[in-house]
Structure formats: C-alpha cells, structure tokens
Amino acid sequence: MTEARRGAVEFRNVRKEFGAFTAIPSLDLSIAPGELVTLLGPSGCGKTTTLRMLAGLESPTSGRIEIGGQDVTRLPANRRDVSMVFQSYALFPHMSVAGNVAYGLEAGGLKGPEARAAAEKGLDLVGLGGLGDRLPAELSGGQQQRVAVARALVLEPQVLLLDEPLSNLDARLRRRVRTEIRDLQQRLGFTAVYVTHDQEEALAVSDRIVVMRDGEIAQIGTPRELYDAPASEFIADFIGEANVVDAEIVATSGGQAQVRLGGLLADMPARGLLAGPARVALRSNALRVGAMTGGGLDGAVATSAFLGDHVEYEIDSALGRIFVIDDESDQPLAPGTPVTLTLKPRGAALIP
Amino acid sequence: MTSQDNRRLDLTLAAGLIALVLMPWYRIRHGFFGFDWLADLTTKRDLWPALVQAVTGRWQLWPILALGALAIFLRLTRAPGASRGRALALTGAAGLVWMVVEGLSIGLRGWNWGLLETTFGAVGGQPAFGAGALILGAIFTLMIAFGQAERGALKGDAFVLGSIALLIALVATFVFYPILSMFTGAFQDFDGSFTTEGVARNIIDPKIWSLSCLTGGYCGVAWRTFFLAICTAAGTTTLGLAFALVATRTAFPFKKSLRLLTVLPIITPPFVVGLALTMMLGRSGVVTQWIEALTGFELGRWLYGLTGIWIAQMLSFTPISFLILIGVVDGVSPSMEEASQTLRSDRWRTFRKVSLPLMAPGLANAFLIGFIESMADFGNPLVLGGSGGVLSTEIFFAVVGAQNDPARAAVLATVLLIFTLSAFLAQRFWLAGRNFATVTGKGDGGRHAMLPARVAAPVIGIVLFWGAFTIAVYALILFGGFVRVWGLDHSLTFEHYQRAFGVALDGGLRWTGVAWNSFWTTMRIALLAAPLTAAVGLLTAWLIVRQRFPGRAIFEFALMMSFAIPGTVIGISYIMAFNLPPVQMTGTAAILIACFVFRNMPVGVRGGVAAMAQLDGSLDEASLTLGAGSGRTMRRVILPLMRPAILAALVYSFVRAITSISAVIFLVSAKYNMATAYIVGLVENGEYGIAIAYSSVLIVVMITVIGGFQLLVGERQMRRREHKLKEAAA
C-alpha cells in the first residue's frame with residue numbers, strides 16, 4: 001500500500017441483497033484520500049447499508065470494496081482500518097469516558113497506561129479533557145457525541161465513518177457540532193464518509209455529496225454542482241426544495257438558453273439542451289413576490305405563513321402551485337392577493 | 001486475515017493430532033482423570049490411542065485417520081481461502097458422519113444390528129467413545145466452522161461460527177439423540193433386533209387408553225393424566241387470576257407479601273408439598289385425626305389418588321400462574337378501562353366487557369402452562385399416587401420396578417411427550433399474536449380500575465383461604481422435622497436433624513449424618529452445573545439475538561421446545577441413550593450435569609434474550625469497528641452489561657439443580673446420589689421425619705441463596721445511585 005493511497009475508498013460493482021430484497025443493485029464509487037463525502041438520500045435509499053458495508057458490518061452479496069488500495073471485501077469489521085461514529089453513539093454505559101476511548105486502543109494491543117494517555121489526548125482533541133472519569137450517562141448529549149468522535153478518531157483510522165451523527169442533538173447544537181467535525185477533518189486530513197438525510201447538513205460539511213435513491217447513485221458532485229445543476233427532478237427537489245415546472249427553451253446560444261416560464265423569460269445555462277419543451281427547477285428562495293405588474297409569472301396567493309425572518313407562500317400560477325420563501329417583505333400578503341413572480345439571478349436550472 | 005486463519009487451524013489440527021496419537025480413544029471405566037489407567041497402558045488394548053487401535057485391526061478407525069491426514073494435507077498445501085474452506089468443512093462433516101455411523105453400528109460385542117453382521121461379516125466389539133474420540137469429534141465440528149469462516153460465511157467470524165457449530169453438536173447429542181434413542185428403544189428387543197411387538201402390545205393396552213370410567217369402570221392412565229392436567233390447569237388459572245386481581249386491583253393490605261408466594265415453587269422440591277399434605281390430610285394426618293375424633297367418621301385413604309395429586313399440584317403451581325397473570329392483569333392498558341368508564345359503563349360492566357376479554361389470551365397461556373406443569377409433575381404423584389398413578393410415575397415404574405419393560409416406558413413417554421408438545425405448540429402458534437397486553441415501555445397514563453365490589457369480596461375470600469392453606473402447609477414442613485413420630489408421638493425432638501446432619505468432632509470433623517453424602521454431592525453438582533448452564537444459555541441467547549445465521553429460527557424453536565419435554569421423558573431417554581456405546585455416561589456425575597445444563601438452558605436463553613434485547617445492537621458494532629473481535633466484544637462489553645441476567649441464570653440453574661427430581665431419579669447412582677432422590681427413598685421407607693427435616697434444610701439453603709442474590713443485585717444498584725449523588729454534590 002503506498003502512502004498516497006492511504007484513505008482512498010473504492011466500491012466496485014457492489015451488490016447487496018437481503019433475502020429477496022435487493023437493497024443495492026450495483027454500486028461504483030471512488031472516494032479520494034482526505035475527502036469528506038456525504039451519502040445523502042431519503043430513508044431506505046441504501047446509504048446506511050453502503051456505510052455498514054464499508055465498516056464491515058454487512059457483507060456485500062457480490063462486488064469488491066477497497067480501502068487504501070487493499071481489498072477488504074471479506075475482512076471482518078474488527079480488522080478493517082476504519083472506525084465509526086454511531087447514530088446512537090453506542091458508548092459502553094459501564095465504562096468511563098476514558099475507558100470508552102481507550103477501548104479500541106487496548107484491542108489494538110496498547111497496554112493500559114499508554115492507552116489511557118492516548119485516550120486523554122483524544123479527549124483533549126474534542127475539548128473534553130479532564131472528563132475522562134465520568135460515566136457516559138453523566139455527560140450531556142453533545143458531550144456524548146464528542147466522546148463517540150474521540151473514540152473513533154484516536155485509532156487514527158484511514159477512514160472515519162459517521163452514521164447520522166447529529167440526529168440526536170437539538171437544532172442549535174447540531175450546527176455547532178457539524179462545524180467542529182468539519183474543522184477536525186480539515187485539520188487532521190482524514191477521509192470521512194458521512195451519512196445523513198438532512199440536505200442542509202450535507203451541503204454544509206461535504207467536499208462531495210453522493211445523492212442516493214433506491215440503492216442507486218442519483219448524482220455525485222460538489223454542493224455547488226448539485227445545487228446549480230441538478231441531474232434530475234429528484235435531485236432538484238431533494239436539494240433545496242425546488243419547484244419543478246414545465247418550460248420552453250426559446251433559443252440557445254453559446255451554452256446559454258433563453259427559457260420561457262409562463263409569462264417569464266429567463267436566461268440560464270443550456271446544459272446541452274436544444275430548443276423545445278423542457279423542465280426547470282425553480283428555487284423557492286430565488287423568486288421575488290411583487291405586486292401585479294406584468295412582465296413576470298402572474299398568480300394569486302393560495303396560502304401564506306409568517307415564520308419570523310421570512311414568509312412562506314404557496315402561489316397558484318399558470319405553471320401550477322409554486323412554493324416561495326420570501327425573506328424581503330415582512331408583512332405577509334393575504335390569500336387571494338394577485339401577485340407577480342420574478343426570478344433572481346441563478347435562481348433556476350434546466351433539468352436535463 | 002490469512003495468518004490468523006492458519007494459526008487457528010494449526011492449533012485445532014495439533015489438538016486433533018494429539019487426540020489421535022496420544023489420547024486413549026475409548027472410554028476408561030474408572031474415569032480418565034484418575035490417571036491410574038496409565039499403569040495398565042501396555043497390557044490393556046482398550047487404552048490405546050486411535051492410531052494404534054487402527055493399526056492393530058480396528059479398521060473402522062481408518063477413515064477417521066485418513067480424514068485427519070487429509071485436513072493436515074490441506075493445511076500444508078493450500079492457501080487459506082474459499083476453496084480450502086469448502087474442503088475443510090467437507091472433511092469435518094465427513095469425519096463427524098463417519099464417527100456417528102461407526103459408533104452407532106459397532107457396540108460392545110460387535111455389530112449392533114443383525115443385518116450388518118450378515119452383510120459385512122463379524123467384527124470385534126468396541127467400548128464407548130473416550131477422551132480421544134470426544135476431542136476429535138469437537139475438532140471435526142470446529143473444522144466445519146473454520147472452513148465456513150474461510151469461505152466468508154457470517155463475515156468470516158470464526159468465534160461465532162465455532163460457537164454455533166459446537167452448540168448444535170451439543171444440543172444434538174444431549175437433547176435430540178436421547179429422544180431418538182427412546183423412540184428406537186421402543187422398537188428394539190432385548191438383544192437389539194428390531195421388533196414391533198413391545199410397541200404393538202403397549203399402544204393398544206387398555207391400561208393406558210381405556211375410557212371405561214365414563215361407564216363406571218376405571219380409565220386408562222393416559223386419560224387420567226389428561227383429566228388431572230385439565231383440572232389442575234383450570235384450578236391454578238382461576239386461583240392465579242384471583243391472586244393477581246387482589247394484588248393489583250384491590251385495596252387489600254398485604255399485597256407485597258402476596259408476591260412472596262411466587263418464590264415458593266422455585267425453592268420447594270416438587271414432592272415436598274405432597275409430603276406435607278399426607279402429614280395433614282393423610283390417614284394419620286393431623287387434620288384427619290382431628291375430624292375423626294370430632295365426628296367419629298372414618299375418612300380412610302381418600303387423599304391417595306387423583307384428588308390428592310390435584311390438591312398438591314394446585315398448591316405447587318398456583319404461584320406460577322399467579323406470576324404469569326400479574327403481568328397479564330397489569331398489561332391491560334388503563335386507558336382502555338378509563339375509556340370504557342367514560343362511555344357510561346360502570347365498573348362491573350367495564351370488568352366484564354373490557355378487562356376480562358383483554359386478559360383472555362393471557363389466561364389461556366396460564367392454562368396451557370399449568371397443563372404442561374401438571375403433566376410433567378413427578379414428585380407429587382410419586383408421593384400421593386397410591387395405586388392409581390399418572391403417566392410420569394408409570395414411566396418410572398416401567399423401568400425401575402419388577403416389570404422392566406423399556407418398550408412400555410418408551411410408549412408411555414411418547415404419549416406424555418405428545419400431550420405436552422401439543423400444549424406447547426398451541427401456546428406458541430395459536431396464542432402468538434393474540435396478545436392484547438399493551439406493554440409499550442412508554443408511560444401509559446391513567447390508573448387501573450378497582451375491582452367492582454361484587455367481584456372483590458369473593459375473590460379476596462378465596463385468596464385468604466388459599467393463602468392460609470399454603471402457609472399451613474409450609475409451616476407443617478418446617479415444623480414436621482421436629483416431631484418424633486408423626487401422627488403417633490407428637491413430642492418435640494432434634495433426633496431427625498441429628499440423624500440427618502450430625503457431625504462428630506472426635507479427632508477432626510466427621511460428617512456422621514446420613515444426609516451429608518447426598519447433600520455434598522448435590523451441592524457439588526449444582527455448583528458445577530450452574531455456571532455451565534448460564535454460559536451455554538447466554539451464549540445461545542447472544543447468538544440468537546445478535547447473529548443472523550441460516551436456521552436461526554429453527555434453532556431457537558427447537559431449544560424452546562426442549563423445555564416442554566417432561567423431566568421423566570428426559571430421564572428415560574438419557575438412560576436409553578447413554579447406557580451403552582458410543583456415548584456411555586450412566587452412573588457418572590457427568591450425566592447429571594449434562595441433564596441439568598440442557599434441561600435448564602432454555603430458561604437461561606429466555607432470560608438472556610430478554611436482557612440482550614435491551615442492549616442496543618450498535619454497542620456490539622461499535623466494539624467491532626474499534627478493532628475488537630467477537631470474543632473480546634463478548635468479554636468486555638456484553639458480559640459486563642448483562643451481569644444481572646448472568647446472576648439470575650446462575651441462581652436459577654443452581655436452585656433447579658437442587659430441587660429437580662423427575663429426570664434425576666433415573667440418573668442417580670450409589671456414588672452420585674442427589675438430595676431429592678435420597679429424600680424420595682426416605683419417603684418410600686416411611687421415614688417421614690428425616691425426609692421432612694432434610695427438605696426443610698434444602699428450602700432454607702435455597703432461601704439463603706436467593707436472598708443473598710437479591711442483596712447482591714440490590715446493592716449494585718444502590719452503589720450506582722450513591723456514585724451519582726456524590727457526582728452531583730461535587
């Protein structure tokens with residue numbers, strides 16, 4: 001194994017069946033060393049199964065998995081150079097925090113005092129130095145989560161696996177901890193595979209996002225690519241709650257397309273499409289709601305809800321009912337009010 | 001990975017080689033661990049290891065040597081991997097199959113079946129498997145497991161595969177092989193040849209199947225047992241429900257002490273209740289004498305027979321039913337009852353239309369368990385049966401008494417087995433999914449409705465009467481040991497205790513009492529059996545809950561089914577299976593331990609499964625991803641978290657080993673006599689005083705053990721809380 005390959009992950013034609021049910025028909029995926037890749041998708045899409053196969057907790061029915069250039073397909077979990085942060089944290093309740101962190105080191109042959117010292121270092125890393133003697137039950141949820149991360153990290157694995165690590169935290173803590181995880185990853189430079197069903201979380205932490213659906217990869221790309229150029233209606237809907245509507249490409253030139261959306265004309269990247277009918281993803285926060293003036297997409301407010309810093313509308317238009325997040329006006333319009341929608345720059349994307 | 005595969009295999013093969021080349025292949029009569037056989041090694045042929053046996057003419061061992069050599073050849077020439085794995089697994093399987101075939105075919109005096117003799121010609125006989133053979137059998141089993149591990153089965157986890165393979169081999173040997181032997185035993189003549197004569201004679205025997213009691217005659221033993229079981233089940237369910245209702249839904253002041261009742265059947269050797277009943281209501285019983293003196297009416301022997309057994313079983317098994325029905329009664333969601341009350345129903349209507357129907361499946365469950373308990377009961381019928389026994393005692397007398405008719409015992413045992421297994425299957429399939437009890441773990445607001453007055457009064461009455469009766473019976477047990485001659489001379493004495501448990505101090509401590517011998521044997525065997533039972537039971541529970549291997553459901557089902565096999569059937573089947581080669585164990589301590597382990601294991605499994613279900617599966621997985629193997633995970637994570645379940649399994653199997661009688665009575669020997677069997681012997685000789693004194697000592701010992709266990713568990717929890725408090729203060 002060359003040092004350059006350390007931390008690389010390779011799925012080759014991996015298939016997983018549970019009895020008669022095929023969870024993953026055929027998966028090919030490469031992850032570069034030092035990359036943080038998120039597996040994103042609705043529940044049942046196969047993202048957790050993929051992660052568990054990488055951890056060695058499930059065996060693929062066929063195919064090949066490599067970590068750091070080495071075939072690990074038949075290697076049991078305890079002999080793979082990966083470690084995992086569990087959704088429930090899975091801290092051993094009968095061991096102290098330090099005992100939990102030292103556990104993997106001792107399994108690896110480190111003797112008691114050395115393992116303790118290393119565990120203490122690991123706890124310092126996540127800002128929990130000095131709490132080693134507590135039992136997990138005596139820590140807060142956020143602290144427990146960090147113990148779980150420390151326990152996985154002290155083993156210096158090639159790849160760190162995180163299975164929905166934030167789902168048991170409240171919203172505010174979630175934002176802080178995800179930043180901490182991203183910082184640690186950038187600082188220490190390990191490869192990480194991160195499973196979540198929360199698109200905001202995925203956009204926030206990832207180098208690349210793998211969106212999965214029914215066991216297949218729907219799209220791989222950087223957060224920007226996924227957001228700006230969704231490969232399908234599913235992606236457009238899943239990333240950033242877009243309205244997918246019928247449109248017509250009037251003309252294309254130099255990679256740009258002029259698109260007619262009801263009464264609205266807009267320019268956007270052509271993405272290789274030619275003139276004719278097409279589908280367009282309209283970001284809900286990229287539409288401006290204005291008084292009836294013409295020159296936009298005309299419609300009427302169906303429902304409105306005031307949510308503090310923004311107003312959510314559903315607007316009936318010629319293109320169907322459209323969901324809009326308006327963070328400019330602070331006075332919600334009453335249902336029935338006629339309005340015109342106009343498009344902010346980069347607010348829409350053609351779907352190939 | 002590969003180096004580990006090889007190291008594991010090297011150790012296994014080395015052990016196999018030792019078993020073949022150095023260990024005596026056949027059983028040594030005076031025990032392997034005595035090592036006095038070493039002196040005779042040169043003269044006695046049966047002491048030689050397999051290699052020498054094979055060279056000197058025992059050709060049946062050639063295939064075993066060849067397969068052993070093949071395994072070593074595979075190790076040396078092939079790299080670890082799927083193809084070697086398959087070859088190893090096949091070699092191991094072939095080795096096991098051949099050992100079973102040759103072991104069963106060739107007995108002490110040559111071929112076991114005449115057909116084989118005429119086909120292959122005569123062959124020299126062979127003794128039972130000994131140390132070498134047993135080790136090699138385990139090695140072949142492990143070879144199957146390790147072969148599968150190399151093929152990548154169950155993620156290549158050799159520890160899990162090895163445990164599964166050994167467990168299946170053990171359960172096959174100690175549960176299914178004996179039952180099969182019993183069936184085949186029914187079809188064998190004295191010389192081992194096949195005959196249907198015994199079965200045909202017994203299966204139509206009117207003594208078993210006659211229904212003439214319907215027309216005023218005497219019914220067959222099968223029907224009487226069935227009738228008794230129905231009566232006992234109905235009675236214990238009714239009484240159990242009454243107790244459960246009083247304990248949970250009345251303002252009865254002594255609810256806590258009612259729950260103590262549930263401990264009684266665990267600590268009471270099964271025949272003790274019968275014994276106490278004879279002392280109370282028998283011909284010279286206190287109550288009998290009192291009534292006769294008062295009325296001048298001759299009561300006679302009414303207690304001996306089904307009536308007496310029924311009363312004794314009601315006393316013995318009502319607490320079990322009580323224990324089940326407390327859960328059922330508590331499990332009915334209070335919000336159902338409150339809903340009913342808000343829908344204009346009074347308490348009586350709510351009880352009749354809502355509570356009772358919701359409890360119905362639970363009641364049926366208690367009924368079926370009462371039925372199985374009554375069928376399997378051996379101790380009470382033995383003491384109270386008189387001339388009209390039940391199936392379990394008839395089985396006993398068929399082999400122990402003068403008739404010595406194994407075919408009859410086998411037929412009776414089969415009938416008993418069919419009854420209990422039917423009840424078990426009904427409980428498992430018919431009742432499964434019909435449980436309305438709503439135990440969700442979430443707090444279900446509301447309070448249970450109190451019993452309506454018109455139900456509460458009679459129910460409390462019944463409970464008071466039965467509670468008083470139970471207390472009287474147990475008081476009698478404790479008191480009876482101090483009375484000189486029961487029914488004749490009621491002066492107080494320590495004589496019985498002195499005869500049973502006397503010690504002399506002349507020149508060192510001497511255990512002069514007659515009970516000491518069996519008492520120490522019992523303690524030793526129970527102490528050996530308890531950890532084994534707990535280990536095997538919890539390991540099995542772990543495999544069932546945490547590992548997904550093919551056939552898991554069947555494995556679990558078969559284990560649970562073995563719990564429905566009455567002890568008498570186990571006893572008779574062990575005798576039939578382990579009295580002759582290939583596995584000969586009768587008269588040893590090992591057979592008693594094996595019997596306890598595999599008879600009590602299902603309870604350990606059930607407790608372990610329940611405890612394991614509360615442990616999040618990601619704990620195991622976390623340990624694995626942190627680099628610990630299955631063995632380490634088990635030792636460092638699972639076992640510490642399961643400590644209460646382990647202690648419970650230990651105590652339960654210890655106590656059960658002391659109190660059980662039904663299977664034990666077939667398996668005891670002069671050298672290894674158990675307390676219960678010894679007491680039954682005393683009862684048969686009419687020595688009630690010592691018998692009852694010995695019984696009370698056993699009960700006190702068990703109360704001490706259980707009480708100590710409760711203290712231990714309670715203390716643990718307290719320490720935890722104290723720790724928390726200190727933490728909070730700091």
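Domain 1 of chain B and domain 3 of chain B bury about 750 Å² between them, with 65% of that on carbon and sulfur atoms. Keep in mind that we're looking at a predicted model here. If you want to find the place on screen, domain 1 of chain B runs 2-156 and domain 3 runs 510-729, with domain 2 at 216-480. The centres of domain 1 and domain 3 of chain B, going by C-alpha atoms, are 31 Å apart. At the contact itself you have 9 residues from domain 1 of chain B and 8 from domain 3 of chain B.

So who loses the most area on the domain 1 side of chain B? That's B:R27, B:A128 and B:L154, which together make up 53% of what that side buries against domain 3 of chain B. The residues on the domain 1 side of chain B that touch domain 3 come out as 6 nonpolar, 2 polar and 1 charged.

Okay, over to chain A. Its domain assignment gives domain 1 at 3-228 and domain 2 at 241-351. Here the C-alpha centres of domain 1 and domain 2 of chain A are 39 Å apart. Domain 1 of chain A puts 4 residues in contact with 4 residues of domain 2 of chain A. Those two domains of chain A bury about 410 Å² between them, and 26% of it is on carbon and sulfur atoms. Again the salt bridge count is 0 between domain 1 and domain 2 of chain A, and there's 1 residue pair in polar contact, both at pLDDT 80 or more. On the domain 1 side of chain A, the residues touching domain 2 split into 2 nonpolar, no polar and 2 charged.

Now for the two chains together. Chain B and chain A bury about 2800 Å² between them, and carbon and sulfur atoms give 58% of that. The contact takes 27 residues from chain B and 34 from chain A. On the chain B side, B:K155, B:T625 and B:L626 supply 27% of the area buried against chain A, which is more than any other three residues.

How many salt bridges cross between chain B and chain A? The rule finds 3. One to click on is B:R636 with A:E106, where the closest N and O atoms are 3.1 Å apart.

Searching the whole structure turns up 30 aromatic pairs over all chains. Take B:F465 and B:F469: their ring centres are 6.4 Å apart and their planes are at 15°, so that pair counts as stacked. B:F465 and B:F469 are about one helical turn apart, because they sit 4 residues from each other in helix α21 (residues 453-480) of chain B.

That's my lot, happy to take questions.

Definitions and conventions. Residues are numbered from 1 along each chain as its sequence is written. Chains are lettered from A and ligands numbered from 1 in the order in which they are written. This is a predicted model: local features need pLDDT of at least 70, side-chain atom pairs count only at pLDDT 80 or more; totals for chains, interfaces and linings use all residues. Side-chain values use heavy atoms; hydrogens and water are left out. Domain bounds come from an automatic or database domain assignment. Contact means heavy atoms within 4.5 Å. Buried area is the accessible area (1.4 Å probe) that two parts lose on being put together, summed over both. Ala, Val, Leu, Ile, Met, Phe, Trp, Tyr, Cys and Pro count as nonpolar, Asp, Glu, Lys and Arg as charged, and the others, Gly among them, as polar. Rings of Phe, Tyr and Trp (its six-membered ring) pair if their centres lie within 6.5 Å; planes under 30 degrees apart count as stacked, over 60 as edge-to-face and the rest as tilted. Helices (H or I, at least four residues) and strands (E, at least two) are DSSP runs, numbered from the N terminus. A salt bridge is a side-chain nitrogen of Lys or Arg within 4 Å of a carboxyl oxygen of Asp or Glu. A polar contact is a pair of N or O atoms within 3.5 Å; within protein, one must be able to donate a hydrogen and the other to accept it, and residues adjacent in sequence count only if both atoms are side-chain atoms.
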